Amino acid sequence: MNEQEFKGLLGESLTELLINNQIDIYKKVIRDIRIPTENGNTTQIDNILITTKGIFVIENKNWNAIVKNDPNGNWYEIAGGKRIDLNQNPIQQNKYHIDNLKKVLGKENDNLFFSIIVLGYNATKDLDIDEEKENVKIIHIYKITNTIINVLLSTDEILLSHEEIDQIYLKLKQYDLVQTQ
């Protein structure tokens, strides 16, 4: 495991720990799954939280510098005064995750899914993005539980029963990388 993979594992594990210990509702949490895509490949999802009010798809980016984006949608860090291009646009990455998750689950309801991008504790967010328009929350790791709780409190609509949560969880567990490592 290289340093980047180790940092990713730490971020995913911390997100899972915070959700499990600080959100006291009926829920299921899955970390690090690889689901199939239409083209026969797979896509790796860091964390999924399944609740009665929806499914949270969480992409962890353990970036701890100034995080910026350019007009072309490219993301980069400014560290030590230098621009470091980041491999992927995490908003597009999570949209891809959600699109494939919808297909795997047979659930096309857009209101069922929430996209969250989690940045490192020391990241400075300097992004030109309309989070509401993009239907995403871009937050620091220490805001993960408050962000989820605020989303949960923002609606009274129940979208999934406990039985449906359990069914989705069991379906997704077959793709669980943590269990198979």
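Predicted model: local features only at pLDDT ≥ 70, side-chain atom pairs only at ≥ 80, totals over all residues.
**Aromatic pairs.** I looked up ring pairs and got 3 aromatic pairs for the structure. I took down two of them, starting with Phe-56 and Phe-114. Their rings are stacked, with 4.7 Å centre to centre and 20° between the planes. I then checked where the two sit: Phe-56 is in strand 3 (residues 54–61) and Phe-114 is in strand 7 (residues 113–119), so this pair ties together parts 58 residues apart in sequence. I also looked up the cover on Phe-56, which comes out as buried because its relative accessibility is 0%, against a cut-off of under 20%.

Next I went to Trp-63 and Trp-75. This pair is tilted, at 6.1 Å centre to centre and 50° between the planes. Trp-63 is in the loop between strand 3 and strand 4 (66–69), while Trp-75 belongs to strand 5 (residues 75–79), so here the parts tied together are 12 residues apart in sequence. I checked burial too: both Trp-63 and Trp-75 are buried.

**Charges over rings.** I searched for Lys and Arg over ring faces. Arg-83 lies over the face of Tyr-76, 3.8 Å from the ring centre. Lys-28 lies over the face of Tyr-169, and there I noted 5.1 Å from the ring centre.

**Surface patch.** Last, I turned to the outside. Met-1, Phe-6 and Leu-10 make a nonpolar surface patch of about 350 Å². I placed Met-1 in the segment before helix 1 (3–22). Is Met-1 buried or exposed? I have it as exposed, because its relative accessible area is 68%, and the cut-off for exposed is over 50%.

Note on methods
Residues numbered from 1 in each chain as written. Heavy atoms only, no water. Phe/Tyr/Trp six-rings, centres within 6.5 Å; stacked < 30°, edge-to-face > 60°. Helix = DSSP H or I, 4+ residues; strand = E, 2+ residues; numbered from the N terminus. Buried < 20%, exposed > 50% of the residue type's maximum accessible area, 1.4 Å probe, protein only. Lys NZ or Arg CZ within 6 Å of the ring centre and 35° of its normal. Patch = residues over 30% accessible without salt bridge, like charges linked within 9 Å, V, L, I, M, F, W, Y side chains within 5 Å. Areas by Shrake-Rupley, 256 points an atom, 1.4 Å probe, with all protein chains shown as cover. Salt bridge = Lys/Arg side-chain N within 4 Å of Asp/Glu carboxyl O.
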